[in-house]
Amino acid sequence: MVPSTKETVQLGVFDTNLPPILTIDSGDSISFPETWSGFLNELQPGVPLDTLVKLRMSNPGKGPQSIIGPIAVNKAEPGDVLEIRHKGIHPYEWGATFNNPSALRTGLLAQDYPQGQIKYVDLDLRAMKSRFMPNITIPLKPFQGTLGVAPPDGFFPPLSPGVTSSVPPGPHAGNLDLSELSEGSTLYIPVWKPGALIYTGDSHAVQGDGEICLTAIETRMKELRIEVLLHKQKHLAWPAAETDTHWITMGLDKDLHVAMTLAARNAIKFLAAQAKISELDAYALCSIAVSFRVTQVVDIVCGVHALIPKNIFASQLRQQMAMV
């Protein structure tokens with residue numbers, strides 16, 4: 001059990017210089033009770049926009065996100081893969097969505113809406129719906145925006161030796177903002193550092209693909225519970241995911257076209273290897289049966305994810321296909 005405290009939460013960084021707050025074995029489960037919100041916990045109802053802006057601008061170097069970690073995994077080494085199963089995701093009864101004033105230069109359309117806005121939203125957890133406005137109701141789909149491991153050296157410029165920003169996602173997963181990673185889903189993450197060093201944060205109640213104004217419905221979790229399995233020397237190059245209905249490959253890059261290309265190549269390689277078809281046939285299959293969606297465009301590095309439907313494969317073949 002890892003509660004959110006000033007000893008377990010870092011502000012906006014993955015810091016590999018810190019000793020692990022916990023070391024687990026493959027097969028262990030971790031419970032994160034009472035997580036902090038992704039934005040310094042200042043998103044309590046009633047906090048005005050100008051206060052939020054001052055808090056965010058006062059700490060621009062570290063960034064806003066509250067990140068729990070690091071958590072080490074025994075015997076994890078570069079080349080291994082962590083399989084992280086989302087066993088329980090239970091949010092609070094309220095959240096908020098906001099776009100910053102244009103001076104902060106965040107969100108897809110910062111120049112169009114310079115004034116910024118915070119909108120507080122009550123969550124009906126019994127019905128699993130949020131009341132956005134009196135005549136607009138959004139179904140909830142809680143997930144963690146950030147869940148990853150220590151990133152590889154050189155992929156991002158470090159803020160200082162061993163310290164990188166938690167904002168951009170990458171080969172270590174991290175701030176994917178992938179809404180498919182809800183309860184029951186599985187995330188596969190390549191290991192880049194000894195011990196893997198797991199981090200999580202950025203709790204969301206629901207998010208649309210793209211996350212264009214910068215935020216989902218940001219909230220806190222009463223509990224996040226995950227199970228962690230270690231797969232030795234699988235040499236996965238990019239994070240991937242799985243739900244009951246889809247396998248999911250990803251592409252991540254500052255250039256959205258490059259991110260799309262990476263997601264497509266990863267999908268083709270997965271299909272060729274697991275369905276035992278040629279890459280040309282996999283290319284065609286991606287064009288007619290796989291959906292490519294923009295994950296998010298607001299975290300410095302853009303994301304595209306490819307949804308490969310499981311139901312197009314015969315039962316026997318489907319049971320033989322696996323991400324790792």
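Arg-131 has Thr-137 in E10 as its bridge partner. The model is a predicted one: local features need pLDDT of at least 70, side-chain atom pairs count only at pLDDT 80 or more, and totals for chains, interfaces and linings use all residues. Residues are numbered from 1 along each chain as its sequence is written, and side-chain values use heavy atoms, with hydrogens and water left out.

Strand E9 (residues 129-133) pairs with E10 in the antiparallel sense, over four bridges. Two strands count as paired if DSSP finds at least two bridges between them. Strands here (E, at least two residues) and helices (H or I, at least four) are DSSP runs, numbered from the N terminus. E9 and E10 belong to an open sheet of four strands, ordered E7-E8-E9-E10, with antiparallel pairing. E7 and strand E10 (136-139) form the edges, each pairing on one side only. From one strand to the next, the twist averages 30°. Such angles run from 0 to 180 degrees between N-to-C directions; axes are lines fitted to C-alpha atoms, for helices over the stretch in contact.

Asn-99 lies in strand E7 (residues 94-99). Its relative accessibility is 16%, so Asn-99 counts as buried. Buried means under 20% relative accessible area, exposed over 50%, and partly exposed in between (1.4 Å probe, protein chains only). Leaving aside residues up to four places away in sequence, Asn-99 touches Tyr-113, Gly-116, Gln-117 and Cys-213. Contact means heavy atoms within 4.5 Å.

A second open sheet has eight strands, in the order E4-E16-E6-E14-E17-E18-E20-E19, and its pairing is antiparallel. E4 and strand E19 (291-296) stand at the edges with a single partner strand each, so one side of each lacks a neighbour in the sheet. Neighbouring strands are turned by 25° against each other on average, direction ignored. Strand E17 (residues 240-242) pairs with E18 in the antiparallel sense over three bridges. Glu-242 stands opposite Trp-247 in E18. Helix H2 (residues 256-274) packs on the sheet and touches E18, E19 and strand E20 (302-309). The direction of H2 makes about 145° with that of E18.

In soluble globular proteins, nonpolar side chains tend to be buried together. A nonpolar core is a set of buried Ala, Val, Leu, Ile, Met, Phe, Trp, Tyr and Cys residues joined through side-chain atoms within 4.5 Å. The largest such core holds 37 residues, of which Leu-82 and Val-228 touch the most other members. Several strands each supply at least two residues of this core, among them strand E5 (66-73), strand E6 (81-91) and strand E11 (143-149). E16 gives the most, with five residues. Another core lies apart, with 18 residues including Ala-267, Ile-268, Val-290 and Met-321.

Overall, the protein has four helices and 20 strands. Its C-alpha trace spans about 55 × 45 × 40 Å along the principal axes. Of the 324 residues, 53% count as buried. Among contacts between residues at least 6 apart in sequence, 77% join residues at least 24 apart.
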